[in-house]
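Open the model in your viewer and keep the selection tool ready. This tour tells you what to select next and what is there.

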Amino acid sequence: MTEQTAVPTEFDMIQTGKGYTMKGWDFTSTEVADALANHRMLNPAYELASNTCPWNCSHCFTEDPHNPEKSKRKLKGEMTLDERINLIDQTADLGAKSINLIGAGEPTIDKYFWEITEHISRREMTPIVYTEGALKLTDPDFAKRLYDTGATVVLKVNSLRDEVYQNATVRGGTERSQPLTINYFEKRNEALEVLMDAGFNDHDPTRLAFDTIICKENYDEIPEIHRYARDNNIFSLFVNYLPSGRSSTPMQNSVTQQEQFAMFEELAKIDRNEYGLEHRAIFPYAGGVPCTIRGLGLYIKIKGSAWDCPGELQSLGNIREESLESMWNKTNSIRENYDGGCAPRQRFWENY
């Protein structure tokens, strides 16, 4: 490490039992410092599922912003199962402790979902599954099998109380709006209950998290979601938009940087006064945990292109043309200045 590298002390607050972080992101400051010093991967984010998804979120950062279709469909040239398994194996060989499954589409409906998640588990890494929840996780048997892999589940939660707004987010904006075949809000809430019944939030660190974009429609609800998560041992990823995919164009409901940081300060105050958790409010996730994807991982898209993180700052090549290790070594400069922050989200505010 260089003298510029500063490992946030918040990494050492992992054993709180209050959803401060989630399994797969539970690294101590010593582990992070060692990984940075030895250029070892910890926590990459991969599109290990097809681009297919029945929802139409206007802020989907994995989707081509120029896609004229109203739905996310399978792309030509998606990685085969063998290529995905090989990517997982290369990742394990680089020392990673977890893999974030962020799409490209909805992971749980991919035909290779179980082969992927169970192989990650066999390679002694934590599968972190980002999901809308309503399609598969209302099935207790499906949830139990996923639980048995050791996975962490990150559930889409734009709102816990506003059915109209929550359903509008998956229906899409005015240009892509389409009718819903099910009440997403109701089925997502059902999935949340199934996941808690299965025991995902009974662990320390928890294996259940919320993925929540702070915007104008839900701004006043954020403290309520935060308290619910803390009270139920659920980790919350409170974020703003990434400048990639469909959100690479201005999002009209985005909050300003000042509004976001003011909310982060409010949540840090709630943590301090109500939950006895002391942390700074400077990281991209308002619960206080720093980011470990950019600098300690890579972002691989479903067609094999590699980037330094899901914010797509730096194109590194394609894993079909060179090894994962080769592309990993291209990001050494990021580790030299690692601070747990989020350069892509900063760029979103600067641009919009």
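Select Asn233. This residue is buried, because its relative accessible area is 10% and buried means under 20%, exposed over 50% and partly exposed in between, with a 1.4 Å probe and protein chains only. Asn233 sits in the loop between α7 and β6 (235-239). Helices (H or I, at least four residues) and strands (E, at least two) are DSSP runs, numbered from the N terminus. Now check the backbone of Asn233: phi is near 55 degrees, a positive value in a residue other than glycine. Most residues other than glycine have a negative phi, and most peptide bonds are trans.

A word on the model. It is predicted, so local features need pLDDT of at least 70 and side-chain atom pairs pLDDT 80 or more, while totals for chains, interfaces and linings use all residues. Residues are numbered from 1 along each chain as its sequence is written, and side-chain values use heavy atoms, leaving out hydrogens and water.

**Stop: another positive phi**

Go to Glu124. Its phi is positive, about 60 degrees, and it is not a glycine. Look for Glu124 in the loop between α3 and β3. Is Glu124 buried or exposed? Glu124 counts as exposed, because its relative accessibility is 71%.

**Stop: two cis bonds**

Select Gly103 and Ala104. The peptide bond that joins them is cis, with omega about 25 degrees. Ala104 belongs to the loop between β2 (98-101) and α3.

Next, select Asp204 and Pro205. Here too the peptide bond is cis, and omega is near 5 degrees. Pro205 is in the loop between α6 and β5 (208-213).

**Stop: α2 and α3**

Show residues 81-93, which form helix α2, and residues 113-122, which form helix α3. Their axes come within 10 Å and cross at roughly 20 degrees. That makes α2 roughly parallel to α3. Angles under 35 degrees count as roughly parallel, over 145 as roughly antiparallel, 65 to 115 as roughly perpendicular and the rest as oblique. Axes are lines fitted to C-alpha atoms, for helices over the stretch in contact, and angles run from 0 to 180 degrees between N-to-C directions.

The crossing of α2 and α3 is right-handed. A crossing is right-handed if the near helix is turned clockwise from the far one by less than a right angle, and left-handed if anticlockwise.

Which residues of α2 meet α3? Select Leu81, Arg84, Ile85, Ile88 and Asp89 in α2; they meet Glu115, Ile116, His119 and Ile120 in α3. The residues of this contact divide into five nonpolar, one polar and three charged. Ala, Val, Leu, Ile, Met, Phe, Trp, Tyr, Cys and Pro count as nonpolar, Asp, Glu, Lys and Arg as charged, and the others, Gly among them, as polar. Contact means heavy atoms within 4.5 Å.

**Stop: the two sides of α4**

Select residues 140-148, helix α4. Phe142, Ala143 and Leu146 are buried there. Look down the axis of α4: its buried residues fall within an arc of 95 degrees, so they line one face of the helix. The arc is that of the directions from the helix axis to the C-beta atoms. An α-helix has 3.6 residues a turn, so residues three or four places apart point the same way.

Turn to the face away from the buried side of α4. Exposed Pro140, Asp141 and Asp148 are there. Now show what covers the buried residues of α4: the cover includes α3, β3 (126-131), β4 (152-156) and α6 (184-198).

**Stop: α7 and α8**

Show helix α7 (residues 222-231) with helix α8 (residues 257-274). They pack at an angle of about 35 degrees, and their axes are 10 Å apart. Their crossing is right-handed.

Select Ile222, Pro223, His226, Arg227 and Arg230 in α7. Across from them in the contact are Met263, Glu266, Leu267, Ile270, Asp271 and Glu274 in α8. By class, this contact has five nonpolar, one polar and five charged residues.

Stay in helix α8 and pick Glu259. At 34% relative accessibility, Glu259 counts as partly exposed.

**Last stop: Asp308**

Select Asp308, in the loop between β8 (305-307) and β9 (315-318). Asp308 counts as buried, because its relative accessibility is 2%. Leaving out residues up to four places away in sequence, Asp308 touches several others, including Ile293, Arg294, Tyr299 and Thr331.
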